[in-house]
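The following exercises are to be worked with the sequence and the model at hand. Each task is followed by a solution in steps.

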Amino acid sequence: MSSTASGLSPPPTPPRITPRPIRALDPSVVNRIAAGEVIQRPVSALKELLENSLDAGATAITITVKEGGNKMLQITDNGFGIRTADLPLLCVRHATSKIQKFEDLSTIRTMGFRGEALASI
């Protein structure tokens, strides 16, 4: 077992998982699950971004905050990321890789799934 100068072992490397594609949800699904996510304070944005990191399998997360999050709020993690092809949909409301149809909600195993967090921020 290796250790750092502080005597602690580095965080484990997360397993490499191929990210699922992000898709816009069908309006019939949106109407059944939409929560009208509103981000009012930096702490709300931080919560959403941390949940995204954890959903991406991150085992190490670094948070940088300036002026209480009003000037800058940066999250860096070692999660498995987003496919380059999905970047155009990244901040579109109700675009998500977690579900495709309403019935998928019964098997959801992530913190976020509605595709509202980044669009709200």
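**Exercise 1. Packing of helix α2**

Task: In this predicted model, determine which elements the buried residues of α2 pack against, and check the length of the helix.

Solution. 
- Step 1. The buried residues of α2 pack against β2, β3 and α3 (117-120).
- Step 2. The residues concerned are Ala 45, Leu 46, Glu 48, Leu 49, Glu 51, Ser 53 and Asp 55.
- Step 3. With 14 residues at 1.5 Å a residue, α2 should span 20 Å. The C-alpha atoms at its ends are 20 Å apart, so expectation and model agree.
- Step 4. Just after the helix, Gly 57 adopts a positive phi of about 80 degrees.

**Exercise 2. Charged residues**

Task: State how many salt bridges the structure holds, and examine those formed by Lys 47.

Solution. 
- Step 1. The structure holds five salt bridges.
- Step 2. Lys 47 pairs with Glu 48, with the closest N and O atoms 3.6 Å apart. Lys 47 also pairs with Glu 51, where the corresponding distance is 2.9 Å.
- Step 3. Lys 47 and Glu 51 are four residues apart in helix α2, and therefore about one helical turn separates them.
- Step 4. Buried means under 20% relative accessible area. Glu 48, at 9%, is therefore buried, and so is Glu 51, at 16%. Lys 47 has 44% and is partly exposed.
- Step 5. Another of the salt bridges joins the side chains of Arg 83 and Asp 86 at 3.0 Å, N to O. Arg 83 is partly exposed at 33%, whereas Asp 86 is buried at 3%.
- Step 6. Through shared partners, Lys 47, Glu 48 and Glu 51 are joined into one network.

Note on methods:
Residues numbered from 1 in each chain as written. Predicted model: local features only at pLDDT ≥ 70, side-chain atom pairs only at ≥ 80, totals over all residues. Heavy atoms only, no water. Helix = DSSP H or I, 4+ residues; strand = E, 2+ residues; numbered from the N terminus. Expected span 1.5 Å × (residues − 1). Buried < 20%, exposed > 50% of the residue type's maximum accessible area, 1.4 Å probe, protein only. Contact = heavy atoms within 4.5 Å. Salt bridge = Lys/Arg side-chain N within 4 Å of Asp/Glu carboxyl O.
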